[in-house]
2 protein chains.
Amino acid sequence: MKIELRHGSGGEETGRLIHQLFEKYFTNPILDRMEDGAVLPVMKGHPVFTSDSFVVEPLFFPGGDIGKLSICGTVNDLASMGAKPLYLTASFILETGLETDTLEKVAASMAAAAREAGVSIVAGDTKVIEGRGGLYINTAGLGERAADCTISASAMEAGDAVILTGTMGDHHGTILTERLHMKSGLRSDCAPLWGLVESLLAEGLSIHTIRDITRGGLATVANELAEASGRAMELQEERIPLSESVRELAGILGLDPLTMGNEGKMMIVLPEKEADRALEVLHRHPYGREASLAGRIMEGKGVHLITAYGGKRKLLPLRGEGLPRIC
Amino acid sequence: MKIELRHGSGGEETGRLIHQLFEKYFTNPILDRMEDGAVLPVMKGHPVFTSDSFVVEPLFFPGGDIGKLSICGTVNDLASMGAKPLYLTASFILETGLETDTLEKVAASMAAAAREAGVSIVAGDTKVIEGRGGLYINTAGLGERAADCTISASAMEAGDAVILTGTMGDHHGTILTERLHMKSGLRSDCAPLWGLVESLLAEGLSIHTIRDITRGGLATVANELAEASGRAMELQEERIPLSESVRELAGILGLDPLTMGNEGKMMIVLPEKEADRALEVLHRHPYGREASLAGRIMEGKGVHLITAYGGKRKLLPLRGEGLPRIC
């Protein structure tokens, strides 16, 4: 069956779509009440609130799909604030012509990712627009963080170590090669990273800053953090983890892997003397096996890359188009 | 300037768009931190969480625009749960070709509506897709409700009174006549209704159920509530407020005003003996001047309409297309 405008009317057809598809996969006691808003248990810590829309094309790709991405993206934004992700809303904009089988696959994938991330989808919305079978998802996320947590983009200090939790550019490379119908062996790194952050916090490390490295890649994220904190960052080129496939792809197409986004990698900034302990924790976690101490924070401004040959160049944020609709 | 794909890359152009447009209008201490997620003050009551996407066409119409709608829709969902709306996220999907002037007007309108509703926009996201100048907005909302509040779709009791806070179908009629380029004098009723709900709660009324009457109109909402509560509802046709313009439009086009949606009207269900006090409170409020005691709850199932001539007919929810992209 294909989605038609009547599925977005708010009447019986919308109700049936919600019952037969979203409720089936997302079922939980809060959602199942089907109220105008989800009433949640009282929270002791600080609520952390975020939202992202997902417009990735193609909808399905090696390592994930728009559904998994829509859960991981928002969960990782909360985790980057040191907040335990608890609840998500899921709002769908469906284009006419979308196969309900496709939508069902996406819903099943969202449910699986939410299970892994330990979050419940507690509210949602469905709208239909004229189109050609496309699908856009917005997820908003609500997490809870401890009252004494001070993780922030502005908290980096001179003397801090910069850790990257894994290889750069995998998600970007995957979307690009899929769109070009290239065989590459690449898989998106799309993954929910709260577990990784939780193990670091459990170790009692005094983390200053966490940022998930998405659109714009490492170069953009590094510059945003340098600006927010009023500090300089220096990255060692040969310590930035890159898969062989991304290295080759970047070589062939003349891309800079440092502006290629991920969906399952983070930058972690903490005092240098805690870096080894952090790496030990990360290396034990399935999503942190290739974590690398890749740089440091200094007084000053901007981001510099120390090249393999000892040269030093300014690393600028992504400028121009990048790859459209990567997430 | 027109929106291009580069505005969605996550790089410098996205950053500039956010700084120059969204930050300018939405500025507040939490948003201005520009973190991955907004860290909010601890809440004593229950968090209430909701989300809606807005795809209305045309973007601007008498009485409102997609921006005002995106604030009011989510604020009203929270208010319908008896929750004070506090924080919103705002996520934009922009189509290429959209004029940034248009986007700026929408942002200004969102800021004004947020101010009236007493909410802060604390986080957001911007994506760009190929298209023809369209614009979609998702807002998620976070509110707080008192621990002893039990307002729920399932809480209607036999003997309750059903109050409608104003005229039905104004928003729907406005969108329809705009799309047909008809002169009608209609204005959307789009409005943030927390103030209305707050005055009822301040009066100490024991409200059982509130629902804002949006897509699908009164007929759909009444049936949803009857089903959720396992009760029957009886509505008096001549007590359902209708503006002369909507009555005429419905007559000319053969529409049923009871399936025409609003964006600033609610159904309020509470014990019959409290109905007069509720009406007094509502009539004093600018958004409740035409409030009317329009029906009652009984044991049984379904929704019935008592016609002006004393006949009785089953009132069914909207079936089929309704009006596409009304909100």
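## Exercises on a predicted two-chain model

At 54% relative accessibility, K312(A) counts as exposed (buried is under 20% relative accessible area, exposed over 50%, partly exposed in between, with a 1.4 Å probe and protein chains only). This is a predicted model, in which local features need pLDDT of at least 70 and side-chain atom pairs count only at pLDDT 80 or more, while totals for chains, interfaces and linings use all residues. Residues are numbered from 1 along each chain, chains are lettered from A and ligands numbered from 1 in the order written, and side-chain values use heavy atoms, without hydrogens and water.

**Exercise 1.** Find the residue that forms a salt bridge with K312(A), and say which strands the pair ties together.

*Solution.* 
- Step 1: Start with the rule, which asks for a side-chain nitrogen of Lys or Arg within 4 Å of a carboxyl oxygen of Asp or Glu.
- Step 2: The partner of K312(A) is E234(A), with the closest N and O atoms 3.9 Å apart.
- Step 3: Strands here are DSSP runs of E with at least two residues, helices are runs of H or I with at least four, and both are numbered from the N terminus.

**Exercise 2.** Work out which strands pair with β8(B), and whether β8(B) is enclosed or open.

*Solution.* 
- Step 1: Two strands pair if DSSP finds at least two bridges between them.
- Step 2: Strand β11 (residues 266-271) of chain B runs antiparallel to β8(B) and is joined to it by five bridges.
- Step 3: Strand β12 (residues 292-298) of chain B is also antiparallel to β8(B), over four bridges.
- Step 4: Look at A161(B): its bridge partner is L270(B) in β11(B) and R296(B) in β12(B).
- Step 5: In a regular strand, side chains alternate between the two faces of the sheet. In β8(B), D160(B), V162(B) and L164(B) are buried on one side, and A161(B) and I163(B) on the other.
- Step 6: Five of the five residues of β8(B) (residues 160-164) are buried, so the rest of the structure largely encloses this strand.

**Exercise 3.** Describe the salt bridge between R319(B) and E12(A).

*Solution.* 
- Step 1: The N to O distance is 3.3 Å.
- Step 2: This pair crosses between chains, from the segment after β14 (312-314) of chain B to helix α1 (residues 12-26) of chain A.
- Step 3: R319(B) is exposed at 53%, and E12(A) is partly exposed at 24%.
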